[in-house]
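Please look over the model below. This report covers backbone angles in loops and the packing of a helix pair.

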Amino acid sequence: MKYLQLVWSAMFRRKTRTIFTLLSVLAAFLLFGLLDSVRSAFAGAANSVAGVDRLVTVSKISFTLSLPKSLLPRIQELPGVATVTYANWFGGVYQDPKNFFPNEAVADNFFDLYPEWQLSAAERTAFHNTRTGAIVGESLAKKFHWKIGDKIPLQATIFPQKSGANDWTLDLVGMFRVTDPKQKSRESVLYFNWDYFDEARAFGNGNVGWYVTRVADRNQAQQVADAVDALSANSDHETKTQTEQAFNAAFVSQYGDIGLIVGAIMAAVFFTLILLTGNTMAQAVRERIPELAVLKTIGFSNPSVLGLVLAESVLLILLGGTIGLLLAGVVVDAVRAAVGEAVPMSRVGASIWLRGLGLMLLIGLIVGALPARRGMRLRIVDALAGR
Amino acid sequence: MKRSRLRNAGFLVVSISAAAAAIALLVLAPWWLLLALVAVLALWMLSTRIGRQAWSVTEVGLATIPQRIGASSVIVVGIAGVVAVLVALLAMASGFELALRQGGTDDTAIVMRAGSQTEINSVLDHDSATLVTQEPQVLRDAAGVPVASPELVLVASLPKKSTGQDANVEIRGVGERAWSLRPNVTIINGRKFGPGLREMIVGKGAREQFAGLDLGSTLKLNGQTWTVVGEFDAQDAHNSELWADNDVVAETYRRGSGTAAVTVRLTGADAFDAFKAAIASDPRLKVDAKTTRAYYTDQSAGLSKLIRILGITIATIMAIGAVFGALNTMYAAVATRSREIATLRAIGFRALPVIVSVMLETMLLALLGGLLGAAVTWVLFNHYTVSTLGANFTQVVFAFQVSGAVLSTGIKWALAIGLIGGLFPALRAARLQVTAGLREV
């Protein structure tokens, strides 16, 4: 620590060059922060610990096919099952197809299984009592400036009403909040009453899209899942039951390998960065060889010269990288404020910072290694003579 | 002192706006204009005295590059990185667009239930499906039968080769006129499925991405066994699909006589408006019609726009990093050559040749970097096949298209980065105090 002053003034010996290098490092870590935020949003959706005690049962052929409602009492009777609910994808459009958000018809007890969706008892009752009632996540309500009591017209894309009309008008009776940042994207969903949906739709009545089962003991999840699938084995509506976590992970992976794409871009960015700052550090040390020799003359040991140069390169990267990550945090927050919290970017939190700081240290050491070794090995006589 | 600082600030503003204008010109300019500029530059260097001076200074600069190879390679590699990422993402966007756009033409129309945006959401009863094919704008073949295919789109889960995890594949039940409706579909292996049989043919892309779709293999759908009897190449998004007889698919999935959508061939591209009007005015029909080109373009618009925006954002941030790298390198280059430049100025060389030489050197390094980045992407990614989730909740297989347009965008970006990276060091070189420069060691 006592050498900080020395390292600092050595670093800013050539102001312009150091500032340009800092800006390059800043750009690299700004990009790292943004990309890692996207990557962790996708990974978070897949790896969240929430939902390990919930099983999702869909048709084995494809989750777009429906299942008979007759399975409900049979699943309920299975040992180890705490609660069962069901839902169906509605796929309605609000005003314009561009305003896409998921909307689902859910059974009355749906919110019992999702205690992390924070909803007041009064809103639950209102949802129960209002046939055309709908509950939305707070982020979604904020995006479209909805308030309780508003009428929300949805255009059906799959399910017309019995009359043949595509218009479904829902009454907003409640908003739920999700506090877990990894689950925040769930706040962009609209739920409405199953009874209204099933009575009014033109076809498919009596079928459900999927079942959600809460198991009494999460360690029994696999056994319960197998038991649910056994109910319909060899029938014409075989099911596939997984934990909600596994179901989400499988769905996200269908978009493509986000991790791989982000990884490839980051590799290109950091390779360039290492070369660039490595060059700067090499130049800086080359210029200062006589100074380093003076340091050695007045008694600095070889390891401390090595340490000084390494400290300088690590400090350079840490400084630029920290500003870059701070900036990434500001940008992510701004995007989330502008587009809504459902955007697949997680906040630049502790885990991203930890990975970022780790990378900064690593790159700082790699970049400083060669120049530092050169500084350590130089012979005082040669260096002072300018040889 | 104060006045000179003011002058410096003014100078900075002027040069930054000049650089901004130059970049805009460079990125937007067509290639013939850029080539014309190069030709003018070459002519100037050959024919005028000051031009010849510029060339000889540039020559000296280029000759000394090997002495500072590390610093110069920062420019090349930095810009190569930017261009590689930009070109890869743009190639991905245009590949996705191309795969879907080729699936559509202006003289075929798709009819779905009103309100449905995708085939998977659409259900048509048998009567509507038959009625729309009776419109006069629908082409009839030699036997007088409308060239139309009632189709059913369903989804099955199959394991992907790359991950081993289940992903959704689209199963399309097609009518018997599907072949004359889509003449671009050719069987490249095996044979067509037999009508009324549980046989299917697989698209080229689907066979590459999913396991267990080779010729002769069987797969179980809804408890019934299907045999793969052929492989087809449609050169478009249908390559991601499995095709079978519509009636058999409907029976397997208990869809009765309903279909999802009807695709018809019109008598010509100009017949679409009349066709749309005719079915809109029929009170028995509650359907929407789109040309297949519009249908597929709508599906690709969102994702390819997203990839483009992402690509340009990422490349811009990387480019900013690369610009500072280039600035560092070129300032250092000018600094090491300051004595030489001062000498040239002292013996009567003007400022312009010095500016031109530094700019030219940077631009040449940038061009090299751009070509390197573009070449790396081209070798690694051209026709690289990937798949993602499409509008029908199924996997759409597409290949990266490293096209000429994409490559030239990448090279233009490289030149723009080189322009800024060279401009400021060039101006510093030109404003160098001759007396101070001569004293430099």
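The model is predicted. B:Gln235 sits in the loop between strand 7 (224–233) and strand 8 (241–245) of chain B. Its phi is positive, about 55°, although B:Gln235 is not a glycine. Most residues other than glycine have a negative phi.

A:Gln95 also has a positive phi, near 65°. This residue lies in the loop between strand 3 (81–89) and strand 4 (103–106) of chain A. A:Gln95 is exposed, because 11 other C-beta atoms lie within 10 Å and 12 or fewer counts as exposed.

| Residue | Phi | Other C-beta atoms within 10 Å |
|---|---|---|
| A:Gln95 | near 65° | 11 |

Now the helix pair. How do helix 1 and helix 12 of chain A cross? The axes of helix 1 (residues 4–11) and helix 12 (residues 302–339) of chain A come within 9 Å and cross at roughly 65°. Helix 1 of chain A is therefore roughly perpendicular to helix 12 of chain A, since that class runs from 65 to 115 degrees. The crossing of these two helices is right-handed.

Helix 1 of chain A contributes A:Leu6, A:Val7, A:Ala10 and A:Met11 to the contact. From helix 12 of chain A come A:Leu308, A:Ala311, A:Glu312, A:Leu315 and A:Leu316. Eight of the contact residues are nonpolar, none is polar and one is charged.

How values were computed: Residues numbered from 1 in each chain as written. Chains lettered and ligands numbered in written order. Predicted model: local features only at pLDDT ≥ 70, side-chain atom pairs only at ≥ 80, totals over all residues. Helix = DSSP H or I, 4+ residues; strand = E, 2+ residues; numbered from the N terminus. Buried ≥ 20, exposed ≤ 12 C-beta atoms within 10 Å, placed from the backbone. Axes fitted to C-alpha atoms, helices over the stretch in contact; angles between N-to-C directions. Parallel < 35°, antiparallel > 145°, perpendicular 65-115°, else oblique. Left-handed = near helix turned anticlockwise from the far one by under 90°. Contact = placed C-beta atoms within 7 Å. Nonpolar A, V, L, I, M, F, W, Y, C, P; charged D, E, K, R; others polar.
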